[in-house]
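Dear colleague,

I am writing to hand over a structure that may be new to you. Please look through the sequence and the structure below before reading the notes that follow.

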Amino acid sequence: MSGPELIEPKCSACKDGVSQPFPMTMAFQPIVDVLESRVYAYEALVRGLNNEPAGVVMAQLTEDNRYAFDQSCRVAAITLAARLGLKDTGAKLSINFMPGAVYNPAACIRLTLETARKLDFPLDLLIFEITEMEEIKDRNHVLKIAQEYRRHGFQMAIDDFGSGYSGLNLLADLTPDILKLDMDLTRNLHARPTALAIVRSTAELCRELGVTCIAEGVETVEELRALRSCGIRLMQGYLLARPAFEALPAVAYPQDLGALPGRREAAQSLSA
């Protein structure tokens, strides 16, 4: 099918409205600055209406409803975040999206912009994470999406770096604002010298590129300490807070957080 034939019916949906393809809502999990003991952002995670996990919801995805699902997730995330007062916390809102569901960057962003403006949700608080679910077959298309999103003040993130399709080529082409390290890299990091060297080198690369580095899947104080030894201060994981269903969870900071290396350097750039 040619490009115009594919794009036209999808773009008409932007004008005519998008119906949610199946019932869903959101949970929120904090991304924490462990040096300043504050929430840097809340990631919106899709859930079923009875808190069914993302896998159950995503199992309903098809090529026919992918566009409507992606659009509905954005609306649901912004709407619920606004209702919960997220913008008053000083944190950002991080939303996963599928580049393959964006047919025309300028057209497909309209509903997101309208929703944010209607709810008085600042555009500069929005982060869009490229999900690891699909292979990036057309990097030029992703670059056009990033260009359009940055024009509106959004930040771009690569999710689950080091796993699946989120590799060095995408980093080189996109140069995102944020890079999120996959949890398989952070798991038992303190006991895996090779993984520690990889994470340390990746963090250094991020500093050189001016990219903010976030570690996912942090579950123990030992992992947190190992990440800090690599210069990483933004972290996400069960140690700090589990996702909260339709709520902004409290963060359980480790009791010995003050002993972490580099705490006195909290005023430095987030990419440090």
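In these notes a residue is called buried when its relative accessible area is under 20%, exposed when that area is over 50%, and partly exposed in between. Please bear in mind that this is a predicted model.

Backbone in two loops

With that cut-off, Asp120 counts as exposed because its relative accessibility is 54%. Asp120 is located in the loop between α5 (110–118) and β4. The phi angle of Asp120 is near 55 degrees, which is a positive value in a residue other than glycine. By way of background, most residues other than glycine have a negative phi.

Asn188 also has a positive phi, near 50 degrees, and is likewise a residue other than glycine. This residue belongs to the loop between α8 (183–186) and α9 (193–209). Asn188 has a relative accessibility of 39%, so it counts as partly exposed.

Strand β3 is mostly covered, with five of its six residues buried. On one side, β3 pairs with strand β2 (residues 38–47) in the parallel sense over four bridges; here Glu43 stands opposite Ser94 in β3. Strand β3 also runs parallel to β4, and five bridges join the two. In this second pairing, Asn96 stands opposite Glu129 in β4.

Aromatic pairs

How many aromatic pairs does the count come to? The count comes to seven. In one of them, the ring centres of Tyr67 and Tyr103 are 5.7 Å apart and the planes stand at 50 degrees, so this pair is tilted. Tyr67 belongs to helix α3 (residues 66–83), whereas Tyr103 is in the loop between β3 (92–97) and α4 (105–108); the pair therefore ties together parts that are 36 residues apart in sequence. Tyr67 and Tyr103 are both buried.

Another pair is formed by Phe97 and Phe128, whose ring centres are 6.0 Å apart and whose planes are at 85 degrees, so the pair is edge-to-face. Since Phe97 lies in strand β3 and Phe128 in strand β4 (residues 126–130), this pair ties together parts that are 31 residues apart in sequence. Phe97 and Phe128 are buried as well. Ring pairs also link Phe97 and Phe128 with Tyr149 and Phe154 in a cluster.

A further ring has a charged neighbour: Arg242 lies over the face of Tyr238, at 4.0 Å from the ring centre.

Helices α3 and α5

How do the axes of α3 and α5 lie, and at what angle do they cross? They come within 10 Å of each other and cross at roughly 15 degrees. The two helices are therefore roughly parallel to each other. The crossing in which α3 passes α5 is right-handed.

Strand β6 (residues 178–181) runs parallel to β7, and four bridges join them. Leu179 stands opposite Cys213 in this pairing. Strand β7 also pairs with strand β8 (residues 234–235), in the parallel sense and over two bridges. There, Ala215 stands opposite Met235 in β8.

With kind regards

Key: Residues are numbered from 1 along each chain as its sequence is written. This is a predicted model: local features need pLDDT of at least 70, side-chain atom pairs count only at pLDDT 80 or more; totals for chains, interfaces and linings use all residues. Side-chain values use heavy atoms; hydrogens and water are left out. Rings of Phe, Tyr and Trp (its six-membered ring) pair if their centres lie within 6.5 Å; planes under 30 degrees apart count as stacked, over 60 as edge-to-face and the rest as tilted. Buried means under 20% relative accessible area, exposed over 50%, partly exposed in between (1.4 Å probe, protein chains only). A charge sits over a ring if NZ of Lys or CZ of Arg is within 6 Å of the ring centre and within 35 degrees of the ring normal. Two strands pair if DSSP finds at least two bridges between them. Axes are lines fitted to C-alpha atoms, for helices over the stretch in contact, and angles run from 0 to 180 degrees between N-to-C directions. Angles under 35 degrees count as roughly parallel, over 145 as roughly antiparallel, 65 to 115 as roughly perpendicular and the rest as oblique. A crossing is left-handed if the near helix is turned anticlockwise from the far one by less than a right angle, and right-handed if clockwise.
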